[in-house]
Each structure stands twice: as C-alpha cells, then as structure tokens.
Amino acid sequence: LITSLVSGQWWVGRVVIMMGILVTMLCLIQTRLGTLRAGSVFPVDRLADLYWNTSNPIFRIDNTDHIIDVNYGSLPHQYQQINIYCPYYQRNIRREDVEHHLIYNVGKEEFDTCRIRTAQPRIVAYCTQPYEQKIFTLSFRSFSPMPNTMEFHPGQDYYFISTASPGDIHRTVGGYCTRNHMKILFKVLDTETYLDMYPKHGHMDTVPQANSDGATKAMVSMPKLERSVTVGVTSVIPVSDSGVG
C-alpha cells in the first residue's frame, strides 16, 4: 500500500511538472505571436540599394532623388536598412580610371558647401578597394548594439557626402561632392508621419522606396555594374568593358 501511494505521488508530481512546462511554453508562444503582430506593420526592411558612384542618376543635380525618406519604428525590430555599394571594377580596368570614395556623415552646412570642417569627421564607408566588392549597411534605429555605430532619431536629418577627387581620396573640399553632386540626405520620419505621407502602404515592403523612380533606376542602370539576383541573394558583377561615368 505504501509503495502504491509513493508511486501515485510520483506520477502526480510528474504530471504537475509537465503541466508547468506546457503552460510556460504556451505563454512564450503567445508572447512571441504578440511581438510579431506588433511588428507586422513595419518589420525590418531594406530600402533600394544605393550604388555610390558618379554614374548613378540619383546624384543628378536636376532631381531630388538624393533626398530619401526613412521610417523610424517605435519598437526595436521596426526599422529600415539600406545597403551602400562601393564602385566595383574588373582588374583589367586601369587604376587611374576607377573611383575611390570616403563617405562622410556631416552637418548641414558641410553638406551644402561640400566642405568638411571638423578635424575628425565621421567616415561611414571606405570605398578604397575598387577591385573588391564592398557593401556597407546603415540601420536606421535609435539604438545600436554595436559600439561606435551611428544612431538615428525621428525628426532628424542625416547628411552624407564624398569630397574625394581622382588621385586624392582624402580631399575634404569640393571633389565629387561639387562636381558630381555626390551627396545624400536621409530624412528620418516617425511612423505616424510616414503613414501620413504613404497612406496606401501599410507595410514597409510595399512603400515607394526613396523617390521610387530614381531609386529604382539606381539599382539597375549602373554602367559599371550589373545586378544579379539568384536564390534571394543579391550579387554585383563587374562589366568588362566599362569605364568611368
């Protein structure tokens, strides 16, 4: 009899433990589903790729495609990203015919005048190896887990320029910024403002990307680059007979 009671208590204990584990798992699943629903309006999403070379029509002075609206989400997983592609060439292209860039994050006055005034400017991309594929990603969120990484806040504008020139990548005045209008302005909008501007687009993956006409052209019309998409992976392939635009 005592053995039967002990055995019964053991099984009851096992059942209680299993029920506790099951309840915990259900709570975790419910919490995860709630998080996914909360982020479904604005999941992490990528803006149209930005090819940083002088052939990109986004840098034309006769349009405003270089002004890019970015959504700021209220939750950690609600933010957009953009890939910046450095110029990329096959090795048969002469070194004097390729572009080199340092992309700076600057203030508005520096952006307007194409003149870097700070002693130690922030460099966000080093396009210094033209025969290798180089991609830099910006994540538009107010907190970054990585040290020394840019943070972006709603209602703020963020300015990027390249003042290098052929043969002088460290030039800080004029250069490509003046001659080729190589500058980008990111306007970080809060979610409410973003939806007011794009009321028909409740999901980020259907929002017009950065003045869609110019940004879309920038993805496919680079004379020095071809864009190839295979199994969901974007790769950049140099064109052998391309020169500098």
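Are C86 and C127 buried or exposed? Both cysteines are buried. The views below are all taken from a predicted model.

**View 1. The disulfide between C86 and C127.** C86 and C127 are joined through their sulfur atoms, with an S to S distance of 2.0 Å. C86 sits in the loop between β4 and β5 and C127 in strand β6, so the bond ties together parts of the chain that are 41 residues apart in sequence. The angle about the S-S bond is -70 degrees, and the link is left-handed.

**View 2. The disulfide between C114 and C177.** Here the S to S distance is 2.1 Å. C114 belongs to the loop between α2 (108-113) and β6, while C177 is part of helix α3; the pair links distant parts of the chain, 63 residues apart. The disulfide of C114 and C177 is left-handed because the torsion about its S-S bond is about -70 degrees. C114 has a relative accessibility of 4% and therefore counts as buried. C177, at 1% relative accessibility, also counts as buried. The chain has two disulfides, and with bonded cysteines counted along the chain their pattern is 1-3, 2-4.

**View 3. The largest nonpolar core.** This core has 37 residues, and W52, F160 and F186 have the most contacts inside it. At least two core residues come from each of β3 (67-72), β4 (80-85), β5 (101-106), β6 (122-127), β7 (135-140), β8, α3 and β9 (183-190). In soluble globular proteins, nonpolar side chains tend to be buried together.

**View 4. The surroundings of W52.** Leaving aside residues up to four places away in sequence, W52 touches F59, I84, Y85, P87, H101, I103, F160, I161, S162, M182 and I184. One of these contacts, F160, is listed with W52 among the residues that have the most contacts inside the largest nonpolar core.

**View 5. R171 and its neighbours.** R171 is placed in the loop between β8 (157-161) and α3 (175-179). Apart from residues up to four places away in sequence, R171 touches T163, A164 and S165. R115 is 56 residues from R171 along the chain, and the C-alpha atoms of R171 and R115 are separated by 9.4 Å.

Note on methods:
Residues are numbered from 1 along each chain as its sequence is written. This is a predicted model: local features need pLDDT of at least 70, side-chain atom pairs count only at pLDDT 80 or more; totals for chains, interfaces and linings use all residues. Side-chain values use heavy atoms; hydrogens and water are left out. Helices (H or I, at least four residues) and strands (E, at least two) are DSSP runs, numbered from the N terminus. Contact means heavy atoms within 4.5 Å. A nonpolar core is a set of buried Ala, Val, Leu, Ile, Met, Phe, Trp, Tyr and Cys residues joined through side-chain atoms within 4.5 Å. Buried means under 20% relative accessible area, exposed over 50%, partly exposed in between (1.4 Å probe, protein chains only). A disulfide is a pair of cysteine sulfur atoms within 2.5 Å.
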